[in-house]
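Subject: Structure handover

Hello,

Please find the structure below. My notes on what was found follow it.

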Amino acid sequence: MVTAPEPVDSDISDIKVDNTGNFTFPERNKFDSGFGITDKTVDYIADVKGDPDWIREFRHKALKVFNEKPMPTHWATKDLENIKFDEFRYYLSDGQKPKRSWDDVPEDVKKTFDRLGIPEQERKFLAGVEAQYDSEAAYSNIKAAVEEQGVIFVNSTEGLHKYPEIFKKWFGKVIPTGDNKFSALNSAVFSGGSFIYVPPGVKVSHPLQAYFRINSEQFGQFERTLIIADEGSEVMYMEGCTAPKFETATLHSAVVELVAMKGAKIQYVTVQNWSSNVFNLVTKRGIAHEDAEVRWIDCNIGSRLTMKYPGVIMKGRRARGEVISIALANSGQHQDTGAKMVHAADDTTSNVISKSISIGQGRSTYRGLVHIPKHLKGCKNNTECDALLINANSHTDTYPAISVRGNQHSTQHEASVSQVSADQIFYLMQRGLTEAEAMSLSVNGFINDLVKEFPMEYSVELKRLIDLEMEGSVG
Amino acid sequence: MSLEIKALHAQIPGREILKGLNLTINPGEVHAIMGPNGSGKSTLSKVLCGHEDYEVTSGEVLLDGENILDMEVDARSRAGLFLAFQYPHEIPGVSNANFLRAALKARLPKGEDIDAVKFYKQLYARMDQLEMDRSFTSRSVNEGFSGGEKKRNEILQLMMLEPKYAILDETDSGLDIDALKIVSRGVNAMRSENRGFLVITHYQRLLNYIQPDIVHVLKDGRIVKTGGKELSLELEERGYDWVTDESLVAAA
């Protein structure tokens with residue numbers, strides 16, 4: 001049995017804001033799994049969430065795998081060793097409505113929202129004024145509209161309880177527990193995230209947004225999302241937003257699995273701006289069956305370390321996979337991102353376009369894997385990775401691994417590294433732009449062709465966000 | 001009211017390039033500066049605009065009475081100084097229209113934005129004058145432009161930003177005769193009693209189209225001779241060797 005600890009009340013004046021607009025506030029949590037991760041922690045989470053036995057078992061097995069797997073420091077950054085797993089709490093649930101009002105939110109937080117142009121509703125959530133309240137209404141509308149088409153759009157807990165026959169069939173199948181240490185961690189302690197099922201032939205007209213059912217669980221540290229697009233269906237999912245997210249926890253490890261059945265199309269759009277103390281270690285992968293398409297459109301800003309390589313397994317003939325990503329690393333940040341494209345059928349096509357920006361002492365790494373085995377024919381891959389360095393001490397690395405066997409395929413790979421030149425800035429400043437404005441414009445130009453892939457409201461926010469990042473980056 | 005350059009000395013590390021340059025440009029005047037390679041013509045334009053490669057060691061530059069040498073590059077621009085670059089930079093991914101909007105917006109009080117309808121109306125009118133295709137509004141700044149298109153684009157920016165003082169740094173280089181005529185027409189359309197021009201060129205040819213009021217010869221970092229338009233013709237014919245530093249001669 002679980003005894004819920006007493007909620008601790010906190011005052012809005014405890015909200016802390018740093019000069020980049022990141023802010024944190026003390027949380028009150030009804031359920032708290034305590035520090036560290038053991039079988040007891042896993043049982044606690046399973047109890048609180050009322051997991052069916054098979055999930056409880058799944059979690060325990062995953063914990064074992066997590067404990068056995070070494071850190072991937074033989075290829076990844078040594079900074080991973082600085083993660084102290086015993087110092088985290090693995091489950092927190094905000095069981096009550098916050099008492100703070102909009103008037104209580106500090107001025108500088110409001111100002112940051114203003115400058116980013118964050119809609120009113122989101123501001124309230126982001127400021128911790130609301131957790132799941134008013135946004136429920138908007139969510140309900142979307143939900144009602146798509147439910148008529150037979151679309152299931154619920155959180156993962158609800159998904160596994162209410163739709164076990166679909167959930168069980170695909171859960172953990174695209175990304176097995178043992179895929180990597182962090183997918184195992186997620187599998188042991190996951191909570192939150194979305195479960196979406198789109199019936200055959202249904203083309204979902206609205207992009208489904210995680211925005212719309214924002215609650216503390218949604219923004220959990222270990223969210224687990226599963227999207228299944230049945231034959232011939234189409235869906236676009238968007239998560240995150242450009243606002244700096246308040247963070248009390250510093251380890252985030254999500255798992256996102258996509259399944260596109262024959263002829264289906266899934267687009268998954270992410271824009272995330274983490275505060276700079278966060279380890280963001282995410283596993284995202286999709287399976288594309290015959291004639292299906294999976295597209296990852298991904299923008300990563302902030303965090304201490306992000307490791308994320310969205311992947312597509314092209315399992316059926318003529319399947320297509322695409323990763324379009326933008327990464328921005330400022331001083332003290334490392335964006336280690338890329339893509340995995342696994343061709344597993346004839347005539348499959350993959351496309352990877354990655355652009356990274358390193359500011360100050362920021363570091364960005366592109367890590368790509370393209371696998372085309374010998375027995376296949378007619379596979380195509382295009383990989384482009386461009387890096388932009390803002391300052392002389394910025395850092396970028398590229399590790400493309402393209403393994404192509406057989407001679408009936410076509411691949412091309414282009415990589416470039418450029419630096420915003422002093423003469424370019426001089427030219428822009430001679431037209432009256434400040435140095436920061438000149439930098440912003442140059443950076444926005446660099447990613448312009450990719451920004452077009454993002455939905456409109458995101459691309460506007462992205463531009464503003466880059467303006468804000470640049471303000472602090474020049475003397 | 002004038003752009004006043006007083007005893008200007010400037011250097012790159014280890015080499016002085018401008019050695020006490022004096023020049024006053026009044027609104028309404030077009031000054032031409034001619035001179036042999038390495039005399040300091042392009043350096044002058046960059047020093048006036050505040051390029052970080054050059055260090056001003058002494059002298060003053062007053063823009064309508066205000067010393068601009070302590071001002072940042074962008075502040076000088078907003079104060080009314082414009083440079084049409086000899087080698088305009090490419091800005092990948094930034095459309096010409098957005099670039100111009102950003103430059104115009106930089107001149108407005110914080111928080112204000114330009115009127116988009118008015119902006120495009122003016123932009124299209126200016127582009128028509130320069131015989132630029134409308135597609136240039138959405139193309140990235142100077143990217144993939146021919147030499148002539150780049151120079152036209154510089155003049156388009158001049159026309160949109162309407163500076164008090166405009167420096168044209170070898171705007172004629174790389175232009176064929178038709179482009180030269182179009183560019184000159186644009187510049188002439190901007191001539192006004194409120195605006196001063198400094199036209200830097202190697203060749204007299206440009207000055208057939210943009211008629212200067214005053215012609216200076218720059219040699220070894222100093223203005224060594226000043227005259228009317230006829231001076232440029234003489235230089236064209238005789239070269240620069242015969243020109244001696246009048247101030248030095250006078251001092252001797």
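Two residues are in contact if their C-beta atoms, placed from the backbone, lie within 7 Å. On that basis, take the contacts in chain A between residues at least 6 apart in sequence: 82% of them join residues at least 24 apart.

Some ground rules. This is a predicted model, in which local features need pLDDT of at least 70, side-chain atom pairs count only at pLDDT 80 or more, and totals for chains, interfaces and linings use all residues. Residues are numbered from 1 along each chain as its sequence is written, while chains are lettered from A and ligands numbered from 1 in the order in which they are written.

Chain A

Chain A has eleven helices and 23 strands. Both are DSSP runs numbered from the N terminus (helices: H or I, at least four residues; strands: E, at least two). Of its 475 residues, 52% count as buried. Buried means that 20 or more other C-beta atoms lie within 10 Å of the residue's own, these atoms being placed from the backbone; exposed means 12 or fewer, and partly exposed is in between.

Two helix pairs involve H2(A). Axes here are lines fitted to C-alpha atoms, for helices over the stretch in contact, and angles run from 0 to 180 degrees between N-to-C directions.

Start with H2 (residues 53-68) and H8 (residues 181-189) of chain A. They pack at about 150 degrees, with axes 7 Å apart. That makes H2(A) roughly antiparallel to H8(A). The cut-offs: under 35 degrees is roughly parallel, over 145 roughly antiparallel, 65 to 115 roughly perpendicular, and the rest oblique. The crossing of H2(A) and H8(A) is left-handed. Left-handed means that the near helix is turned anticlockwise from the far one by less than a right angle; right-handed means clockwise. From H2(A), the contact includes A:Phe58 and A:Phe66; from H8(A), it includes A:Leu185 and A:Ala188. By class, this contact has eight nonpolar, one polar and two charged residues. Ala, Val, Leu, Ile, Met, Phe, Trp, Tyr, Cys and Pro count as nonpolar; Asp, Glu, Lys and Arg as charged; the others, Gly among them, as polar.

Next, H1 (residues 39-49) of chain A and H2(A). Their axes come within 10 Å and cross at roughly 155 degrees. That makes H1(A) roughly antiparallel to H2(A). The crossing is right-handed. A:Asp39, A:Val42 and A:Ala46 in H1(A) meet residues of H2(A), including A:Arg59 and A:Leu63. The classes are four nonpolar, one polar and three charged.

Chain B

An open sheet of four strands runs in the order E2-E1-E4-E5 in chain B, with antiparallel pairing. Strands pair if DSSP finds at least two bridges between them. The edge strands, each pairing on one side only, are E2 (15-25) and E5 (66-67). Eight bridges join E1(B) (residues 3-12) to E2(B).

B:Phe82 has B:Ala166 in E9(B) as its bridge partner.

Where the chains meet

22 residues of chain B are in contact with 19 residues of chain A. The chain B side divides into twelve nonpolar, six polar and four charged residues.

Best wishes
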